[in-house]
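Hi,

Here is the structure I promised to pass on. Have a look at it first, and then read on for what turned up when I went through it.

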Amino acid sequence: MNVPLPETAVRPGVPLAAHEFDEFEAGLLPVLRHFMLSYQEPAGQAWQQAYIVAAERWGEAIGLPAALALMKVVRAALNSRSGQFGFIDPFDLDHLGKVTPDEAALLRMLHHMRRDQTGQARAAVAEVAGGKMEPQVIQAGLAFAYRFSAGPAAGRARSPRLRVVV
């Protein structure tokens, strides 16, 4: 469901570097912004740029699934907040290294989920979902975290492997 975002001036928060995001999470920020822009201006089709940025950053094998999983998180977050989400235009070079509180909350939620830090992830979900423990946000975030884990399970096999048994 496309939820049109209100066109409001968004004041950036703190520098991205002030957060404890890893390189992968920081790389999600421009993808996130293009998805947000595509919801604000559907005719512009910024979602295509989101996929292009992700594929250029991580290659098609990782970037395209990462963008798809992030898009599901974004959609769930927007649905839980009636479309209200502060973000910086991805083409605003003056605020390139800054994040809004909403952008930081979403990245923080994924950061904690990817590391299986349940307590911190719950608080971040509530922040992303406007004070609620929204099942769609949790499900989308956990699906993303499972696919792109940063914790001890990061190296685990994602699917069964075939072996020849003699």
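One term before anything else: a residue counts as buried when its relative accessible area is under 20%. H34 has a relative accessible area of 6%, so it falls on the buried side of that cut-off. Please keep in mind throughout that this is a predicted model.

**The overall picture**

The protein has 6 helices and 0 strands. Reading from the N terminus, the elements go α-α-α-α-α-α. How much of the protein is buried? Of its 166 residues, 44% count as buried. As for contacts between residues at least 6 apart in sequence, 70% of them join residues that are at least 24 apart.

**H34 and its surroundings**

Back to H34, which sits in helix α1. What does H34 touch, once neighbours within four places in sequence are set aside? The contacts are A46, W47, Q49, A50, V53, P90 and F91.

**α1 against α3**

Helix α1 covers residues 23-40 and helix α3 covers residues 60-80; their axes come within 10 Å and cross at roughly 55 degrees. That angle makes α1 oblique to α3, and the crossing is right-handed. If you want to colour the contact, pick F24, L28, V31, L32, F35, M36 and Y39 on the α1 side, and A66, A67, L70, M71, V74, R75 and L78 on the α3 side. Sorted by class, this contact of α1 with α3 has 13 nonpolar residues, no polar ones and 1 charged one.

**The aromatic pairs**

How many aromatic pairs does a search of the whole structure find? There are 6. Two of them are worth a look here.

One is F24 with W58. The ring centres are 4.9 Å apart and the planes are at 50 degrees, so this pair is tilted. F24 belongs to helix α1 and W58 to helix α2 (residues 46-58), and the pair links distant parts of the chain, 34 residues apart. F24 has 13% relative accessibility, so it counts as buried.

Another is F35 with Y51, an edge-to-face pair with 5.6 Å from centre to centre and 85 degrees between the planes. F35 is in helix α1 and Y51 in helix α2, so here the pair ties together parts that are 16 residues apart in sequence. Are F35 and Y51 buried or exposed? Both are buried.

There is also a ring cluster to find: ring pairs link F24, W58, F144 and F148.

**α4 against α6**

By class, the contact of α4 with α6 has 8 nonpolar, 1 polar and 1 charged residues.

S80 is in helix α3. Its relative accessible area is 7%, which means S80 is buried. Leaving out residues up to four places away in sequence, S80 touches V128, A129, K132, E134 and V137.

L16 lies in the segment before α1. With a relative accessible area of 17%, L16 is buried too. How far is the C-alpha atom of L16 from that of K98? The two residues are 82 apart along the chain, yet their C-alpha atoms are separated by 5.2 Å. K98 is one of the residues that L16 touches, not counting those up to four places away in sequence; the others are F21, A26, L29, G97, V99 and L107.

Cheers

Note on methods. Residues are numbered from 1 along each chain as its sequence is written. This is a predicted model: local features need pLDDT of at least 70, side-chain atom pairs count only at pLDDT 80 or more; totals for chains, interfaces and linings use all residues. Side-chain values use heavy atoms; hydrogens and water are left out. Axes are lines fitted to C-alpha atoms, for helices over the stretch in contact, and angles run from 0 to 180 degrees between N-to-C directions. Helices (H or I, at least four residues) and strands (E, at least two) are DSSP runs, numbered from the N terminus. Angles under 35 degrees count as roughly parallel, over 145 as roughly antiparallel, 65 to 115 as roughly perpendicular and the rest as oblique. A crossing is left-handed if the near helix is turned anticlockwise from the far one by less than a right angle, and right-handed if clockwise. Contact means heavy atoms within 4.5 Å. Ala, Val, Leu, Ile, Met, Phe, Trp, Tyr, Cys and Pro count as nonpolar, Asp, Glu, Lys and Arg as charged, and the others, Gly among them, as polar. Rings of Phe, Tyr and Trp (its six-membered ring) pair if their centres lie within 6.5 Å; planes under 30 degrees apart count as stacked, over 60 as edge-to-face and the rest as tilted. Buried means under 20% relative accessible area, exposed over 50%, partly exposed in between (1.4 Å probe, protein chains only).
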